[in-house]
Amino acid sequence: METTNLDSRERVLRRTEEFIGALKATSVVRRFDEAARRLEADQEVQSLLGVLRRFQQAQQNGGLSSSELEDVRDAQARIRNHQVVQEFLAAREAVGVLFKETNLAISEILGLDFGQTVSSPRCSC
Amino acid sequence: MKLSNTQRATQVDEAVAAAMEAARALGRALGESPVFQRFEAAYEAFQADGPARRKLQEFQSRQQELRMAAMWGGADPHQQEKLEREWESISKMPSLAGYLRAQEELMALFRQVTDRISEEIGVDYGAACSPSGGCC
């Protein structure tokens, strides 16, 4: 029985690795990888993210002045409108759509929602 | 070698089709696992246990009422404690206890799989598949 459990767990993990490999071969995931690399390498974006992180820290340590708040809003707007960030978000969304489609295929076989996992019966929402 | 647009589109479709087939193979492996089989058996046993199901439904409806009261600022901490005690009692009912154990085991397996996918791809699988960010 223990061997069967182990074999079956190994089979699940092997199929998981094969699934990951197949996902990585899609243009959707390849585009996301490239977008993530560009985001990581973009000095302007990284510097704006650094500004936001510093402000978040300052906020936790006792709030921000109105001029500092203005700087935060400015950094947020610049990040939102940055082309590299927009491309990254669009690529991530496309991966999410692909994930949803694969989740439907898996859930259909299992008869329950795999991606969301089974919610507790204690939870009535 | 340079690929034409048609060749590229075919390759794209093939890669997505292969990912979908790999997803179905994963679904089948999960479905055939003893963990999943135990969960199904425990679920059926719980469904067949009328009194346990009724108790759980009553509990969930009281829980919902309490949640609504909390939203309107009228939550009674004693009622909350009472509900906690009630859960302790009904979760010991054999069919529900068996179902909860099997569910926990299944969730652990599912999490192991989705965590691995999320880690390798760099996007949270569970969050991407959840329409509202999961349960409350």
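At what angle do H2(B) and H5(B) pack, and how far apart are their axes? Keep that in mind while you load the view. The model is predicted.

**Stop 1: the helix pair in chain B**

Select H2(B) and H5(B). They pack at an angle of about 150°, and their axes are 8 Å apart. Angles over 145 degrees count as roughly antiparallel, so H2(B) is roughly antiparallel to H5(B). Their crossing is left-handed.

Now show the side chains of the contact. On H2(B), pick B:Val35, B:Phe36, B:Arg38, B:Phe39, B:Ala42, B:Tyr43, B:Ala45 and B:Phe46. On H5(B), pick B:Ser95, B:Leu96, B:Gly98, B:Tyr99, B:Ala102, B:Gln103, B:Glu105, B:Leu106 and B:Leu109. Colour them by class: twelve are nonpolar, three polar and two charged.

**Stop 2: chain B as a whole**

Zoom out to chain B. It holds six helices and zero strands. Along the sequence the pattern reads α-α-α-α-α-α. The chain has 136 residues, of which 24% count as buried. Look at the contacts between residues at least 6 apart in sequence: 60% of them join residues at least 24 apart.

**Stop 3: chain A as a whole**

Switch to chain A. Here you find five helices and zero strands. From the N terminus on, the order is α-α-α-α-α. Of its 125 residues, 19% count as buried. Among contacts with a separation of 6 or more, 62% are between residues 24 or more positions apart.

**Stop 4: where the chains meet**

Display both chains. How many residues of chain B are in contact with chain A? The number is 46, and they touch 40 residues of chain A. On the chain B side, H1, H3, H5 and H6 each supply at least two residues. Highlight H1(B) here: its 17 residues are the largest share of that side. By class, the chain B side has 28 nonpolar, twelve polar and six charged residues.

Centre on B:Ala22. Leaving out residues up to four places away in sequence, B:Ala22 touches A:Glu18, A:Phe19 and A:Ala22.

**Stop 5: the largest nonpolar core**

Stay with B:Ala22, which also belongs to the largest nonpolar core. That core has 42 residues. Which members touch the most others? Select A:Phe19, A:Leu23, A:Val95, A:Phe99, B:Ala22, B:Leu26 and B:Ile121.

- Chain A: helix H1 (2–24), helix H2 (27–41) and helix H5 (83–110).
- Chain B: helix H1 (5–32), helix H2 (34–48), helix H3 (50–71), helix H5 (94–121) and helix H6 (125–129).

**Stop 6: a glycine in chain A**

Finish at A:Gly50. Find this residue in helix H3 (residues 43–60) of chain A. Is A:Gly50 buried or exposed? Count its C-beta neighbours inside 10 Å: there are 11, so A:Gly50 counts as exposed. The cut-off for exposed is 12 or fewer.

Last, draw a C-alpha to C-alpha distance from A:Gly50 to A:Phe114. The two are 64 residues apart in sequence and 36 Å apart in space.

Note on methods. Residues are numbered from 1 along each chain as its sequence is written. Chains are lettered from A and ligands numbered from 1 in the order in which they are written. This is a predicted model: local features need pLDDT of at least 70, side-chain atom pairs count only at pLDDT 80 or more; totals for chains, interfaces and linings use all residues. A nonpolar core is a set of buried Ala, Val, Leu, Ile, Met, Phe, Trp, Tyr and Cys residues joined through C-beta atoms within 7 Å. A residue is buried if 20 or more other C-beta atoms lie within 10 Å of its own, exposed if 12 or fewer, and partly exposed in between; C-beta atoms are placed from the backbone. Helices (H or I, at least four residues) and strands (E, at least two) are DSSP runs, numbered from the N terminus. Two residues are in contact if their C-beta atoms, placed from the backbone, lie within 7 Å. Axes are lines fitted to C-alpha atoms, for helices over the stretch in contact, and angles run from 0 to 180 degrees between N-to-C directions. Angles under 35 degrees count as roughly parallel, over 145 as roughly antiparallel, 65 to 115 as roughly perpendicular and the rest as oblique. A crossing is left-handed if the near helix is turned anticlockwise from the far one by less than a right angle, and right-handed if clockwise. Ala, Val, Leu, Ile, Met, Phe, Trp, Tyr, Cys and Pro count as nonpolar, Asp, Glu, Lys and Arg as charged, and the others, Gly among them, as polar.
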